[in-house]
Amino acid sequence: MAYTDLFNEAIDDLSSTLGTISGLRVITDPRFIAPNCVFIDAPSFTAWNYNIVTMDFPVSIVSAGPGDLNALRQILSIAASLLAKNVAVKSGRPTQLDVGGVQLPAYDLTISLQAQTA
């Protein structure tokens, strides 16, 4: 089933925009998280009216372990690529992501956007 509402189109638009970064795997389904990817999680939103919302997407940059300087540099390089795409990255913080019982180095970003219907 194709979802064409403003929320699902916003997820698709963000995924497509980030997917244009050379060599970057963009994941929207947590079942497919694997090292060296960007995972777009479920957004929070504020509705201005029935057809305009501001959405905040939690986005995780996931690197292969261990969480050493090489992983940090890779994560920061990807974060810089996201900023260069002119998406509204509001914040970022280091973390670890548990994938199948393995702790992977990651960065949690918040990306904001506005979605609206015609």
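Biologist: Which residues in H2 are buried?

Modeller: Quick background: this is a predicted model, where local features need pLDDT of at least 70, side-chain atom pairs count only at pLDDT 80 or more, and totals for chains, interfaces and linings use all residues. Residues are numbered from 1 along each chain as its sequence is written, and side-chain values use heavy atoms, leaving out hydrogens and water. Helices (H or I, at least four residues) and strands (E, at least two) are DSSP runs, numbered from the N terminus. Taking buried as under 20% relative accessible area, exposed as over 50% and partly exposed as in between (1.4 Å probe, protein chains only), the buried ones in H2 are Ala71, Ile75, Ile78, Ala79 and Leu82.

Biologist: Which exposed residues does the face turned away carry?

Modeller: That face of H2 is turned away from the buried side. Its exposed residues are Asn70, Arg73 and Ala84.

Biologist: Which aromatic pair does the structure have, and is phenylalanine 7 in a helix or a strand?

Modeller: Rings of Phe, Tyr and Trp (its six-membered ring) pair if their centres lie within 6.5 Å, with planes under 30 degrees apart stacked, over 60 edge-to-face and the rest tilted. A search of the whole structure finds one pair. Phenylalanine 7 and phenylalanine 45 are tilted, 4.7 Å centre to centre with 50 degrees between the planes. Phenylalanine 45 lies in strand E3, and phenylalanine 7 in helix H1.
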